[in-house]
Amino acid sequence: MTQTNLTIILIEPQLAQNIGAVARAMLNFGLTDLRLVNPRDGWPNQDAIAPAAGADKILENIQAFPTTLAAIGDLNRVFAASARTHDMVKYIYSPHAALEYLATTAQQGQKVGVLFGNERCGLQNEDISLCEALIKIPTNPEFSSLNLAHAVVLTAYEWSLHINVSPSQIFRTGTTNLATREDLGKFFAHLEIELDRTGFLRHKKKRPTMVRNIRNIFQRANLTEQEVRSLRGIVRSLVRESQNT
């Protein structure tokens with residue numbers, strides 16, 4: 001098993017120098033898949049080269065995306081690195097436990113990733129709602145500010161400890177696979193359209209929180225591709241029934 005199957009996603013990174021430092025940290029532990037969402041100064045950017053300190057192959061293969069969902073669409077399991085809980089119902093893991101879980105998933109042929117927020121304000125609620133769980137790095141509570149590369153190198157190190165170790169627990173998916181983030185995104189869009197139509201999400205001020213809460217319910221369910229198809233079939237069946245009454 002190689003160590004190249006953990007994807008790192010940076011959401012709206014501000015400084016190209018930090019992107020370069022992240023690339024260096026990743027390659028130290030064999031990771032090569034780095035994705036960006038709306039980097040502030042665009043991509044590619046020459047300012048990333050020097051801090052990368054020779055991790056050029058990562059910089060050359062970086063993919064940039066317009067949205068978080070587009071960046072994680074092909075991944076089966078995604079965690080968010082965040083020091084704040086954002087008042088959401090989420091599992092919160094230590095880096096050691098989180099990367100053991102992700103490595104076990106990867107060892108079963110699934111694609112996994114970790115989301116990191118930008119240098120100024122971290123991850124937004126909308127981004128976190130697309131992830132299954134949070135990774136909280138235990139730092140000094142009086143000074144908990146890690147720079148982006150530090151957070152990534154801790155994650156990459158923990159990944160390296162687990163990826164070639166036999167898993168202590170396996171989640172079997174039978175003949176199907178875990179749903180990708182794209183599968184879940186389409187299901188959420190389908191469900192939310194119908195909830196808007198029926199008036200369930202009629203309170204404009206409460207709607208963003210309600211949507212995030214609904215998404216979090218399904219994020220915790222470890223849904224497979226088949227289960228997502230079944231859920232979409234259930235929504236369609238309920239819609240047809242309501243239209244016939």
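Me: Angles under 35 degrees count as roughly parallel, over 145 as roughly antiparallel, 65 to 115 as roughly perpendicular and the rest as oblique. With that in hand, how do α8 and α9 lie to each other?

Reply: Helix α8 and helix α9 (residues 207–219) pack at an angle of about 135 degrees, and they are therefore oblique to each other. Their axes are 11 Å apart. The axes are lines fitted to C-alpha atoms, over the stretch in contact for helices, and angles run from 0 to 180 degrees between N-to-C directions.

Me: Good. What am I looking at, and how are residues numbered?

Reply: It's a predicted model, where local features need pLDDT of at least 70 and side-chain atom pairs pLDDT 80 or more, while totals for chains, interfaces and linings use all residues. Numbering starts from 1 along each chain as its sequence is written, and side-chain values use heavy atoms, with hydrogens and water left out.

Me: Which residues of α8 and α9 meet?

Reply: From α8 there are Arg-181, Leu-184, Phe-187, Phe-188, Leu-191, Glu-192, Leu-195 and Asp-196. On the α9 side they find Arg-207, Val-211, Ile-214, Arg-215, Phe-218 and Gln-219. Contact here means heavy atoms within 4.5 Å.

Me: And how does that contact split by class?

Reply: The contact of α8 with α9 has eight nonpolar, one polar and five charged residues. Ala, Val, Leu, Ile, Met, Phe, Trp, Tyr, Cys and Pro count as nonpolar, Asp, Glu, Lys and Arg as charged, and the others, Gly among them, as polar.

Me: What does Glu-192 touch?

Reply: Setting aside neighbours within four places in sequence, Glu-192 is in contact with Leu-201, Arg-207, Val-211 and Arg-215. Arg-207, Val-211 and Arg-215 also turn up among the α9 residues that meet α8.

Me: Let's zoom out. How many helices and strands does the chain have?

Reply: There are 10 helices and seven strands in the chain. They are DSSP runs numbered from the N terminus: helices are H or I with at least four residues, strands E with at least two.

Me: What about overall dimensions and burial?

Reply: The C-alpha trace spans about 65 × 40 × 35 Å along its principal axes. Of the 245 residues, 47% are buried. Among contacts with a separation of 6 or more, 84% are between residues 24 or more positions apart.

Me: Back to helix pairs. How do α1 and α7 pack?

Reply: Helix α1 (residues 16–28) and helix α7 (residues 148–162) pack at about 15 degrees, with their axes 9 Å apart. That makes α1 roughly parallel to α7. The contact brings together Asn-18, Ala-21, Val-22, Ala-25 and Met-26 of α1 with Leu-148, Ala-149, Val-152, Val-153 and Ala-156 of α7. By class, those residues are nine nonpolar, one polar and no charged.

Me: Now Leu-102. Where does it sit?

Reply: Leu-102 lies in helix α5, residues 95–107, and counts as buried because its relative accessibility is 0%. Not counting residues up to four places away in sequence, Leu-102 touches Leu-6, Arg-77, Phe-79, Val-112, Gly-113, Val-114 and Trp-159. Phe-29 is 73 residues from Leu-102 along the chain, and their C-alpha atoms are separated by 16 Å.

Me: I'd like to check the backbone too. Which residues does the cis peptide bond join?

Reply: The cis bond joins Trp-43 and Pro-44, with omega at about 5 degrees. Pro-44 is in the loop between β2 (33–37) and α2 (49–52).

Me: What is phi for Glu-12 and for Ala-53?

Reply: Glu-12 has a positive phi near 50 degrees without being a glycine. The residue lies in the loop between β1 (6–11) and α1, and Glu-12 is partly exposed, with a relative accessible area of 38%. Ala-53, also not a glycine, has a positive phi of about 50 degrees, and its place is in the loop between α2 and α3 (56–61).

Me: Last one: where is Thr-224, and what is it in contact with?

Reply: Thr-224 lies in the loop between α9 and α10 (225–244). At 7% relative accessibility, Thr-224 counts as buried. Leaving out neighbours within four places in sequence, Thr-224 is in contact with Thr-173, Thr-176, Asn-177, Leu-178 and Ala-179.

Methods:
Buried < 20%, exposed > 50% of the residue type's maximum accessible area, 1.4 Å probe, protein only.
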